[in-house]
Amino acid sequence: MIPETALVPMQAAAGGFILFVGLVFFVIQIAALIWVYSDAQTNSPQSAVLWTLVVFFGGLLGLLLYVLIGRDRRSSRTDHRTQF
């Protein structure tokens with residue numbers, strides 16, 4: 001029979017790993033929110049707050065929606081072109 005104390009270190013390590021992964025996802029989510037807000041202020045005709053809320057509540061799907069339909073592609077391309 002295995003004593004109960006033998007299982008505790010393995011359980012603590014697994015709990016720490018899960019906590020670490022959760023913390024990494026939390027930091028990525030906060031970074032995505034900050035990026036979407038600042039990018040939407042310059043590259044989106046819609047409200048930056050609206051897109052930030054979409055990403056907050058939609059997660060990865062909201063971020064994908066912003067990248068695909070939220071950014072105004074025409075304004076970013078015309079800024080980089082020189083006109084003769």
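The tour starts with the whole chain and then goes through its parts.

**Before you start**

This is a predicted model, in which local features need pLDDT of at least 70 and side-chain atom pairs count only at pLDDT 80 or more, while totals for chains, interfaces and linings use all residues. Residues are numbered from 1 along each chain as its sequence is written, and side-chain values use heavy atoms, with hydrogens and water left out.

**Stop 1: the whole chain**

Show the protein chain as a cartoon. It has 4 helices and 0 strands, and its pattern along the sequence is α-α-α-α. Helices (H or I, at least four residues) and strands (E, at least two) are DSSP runs, numbered from the N terminus.

Of the 84 residues, 18% count as buried. Buried means under 20% relative accessible area, exposed over 50%, and partly exposed in between (1.4 Å probe, protein chains only).

Contacts also describe the chain as a whole; a contact means heavy atoms within 4.5 Å. Among contacts with a separation of 6 or more, 45% are between residues 24 or more positions apart.

**Stop 2: a patch on the surface**

Select L23, F26, V27, I30 and I34. Together they make a nonpolar surface patch of about 490 Å². Patches are made of residues with over 30% relative accessible area and no salt bridge: like charges are joined within 9 Å, nonpolar side chains (Val, Leu, Ile, Met, Phe, Trp, Tyr) within 5 Å. F26 belongs to helix α1 (residues 8-43). Its relative accessibility is 52%, so F26 counts as exposed.

**Stop 3: Q29 and what it touches**

Select Q29, which is also in helix α1. Q29 is partly exposed, at 24% relative accessibility. Which residues does Q29 contact, leaving aside its neighbours within four places in sequence? They are V55, F56 and G59. A polar atom of the Q29 side chain lies 3.4 Å from the backbone oxygen of V55.

**Stop 4: helix α2**

Select residues 48-58, which form helix α2. A48, W51, T52 and V55 are buried there. Look down the axis of α2: the buried residues fall within an arc of 105 degrees, so they line one face of the helix. The arc is that of the directions from the helix axis to the C-beta atoms.

Then check the two ends. At the start of α2, a side-chain oxygen of S47 comes within 3.2 Å of the backbone nitrogen of V49. Just after α2, G59 has a positive phi of about 65 degrees.

**Stop 5: helix α3**

Move on to residues 60-70, helix α3, where G62, Y66 and G70 are buried. Viewed down the axis of α3, these buried residues fall within an arc of 45 degrees, so they line one face of the helix. Turn to the other side of α3 to find L60 and L61, which are exposed.

**Stop 6: the salt bridge**

How many salt bridges does the structure hold? There is 1. A salt bridge is a side-chain nitrogen of Lys or Arg within 4 Å of a carboxyl oxygen of Asp or Glu. Side chains of opposite charge can pair when their charged atoms come close.

Select R71 and D39, whose side chains meet in a salt bridge (2.8 Å, N to O). R71 lies in the loop between α3 and α4 (73-80) and D39 in helix α1, so the pair ties together parts that are 32 residues apart in sequence. R71 is partly exposed, at 32% relative accessibility, whereas D39 is buried, at 10%. Leaving aside neighbours within four places in sequence, D39 is in contact with S44, Y66 and R71.

**Stop 7: N43**

Finish with N43 in helix α1. Is N43 buried or exposed? N43 is buried, with a relative accessible area of 14%. Its side chain joins that of D39 through a polar contact of 2.7 Å. A polar contact is a pair of N or O atoms within 3.5 Å; within protein, one must be able to donate a hydrogen and the other to accept it, and residues adjacent in sequence count only if both atoms are side-chain atoms. Apart from its neighbours within four places in sequence, N43 is in contact with G70, R71 and D72.

Notes. Areas by Shrake-Rupley, 256 points an atom, 1.4 Å probe, with all protein chains shown as cover.
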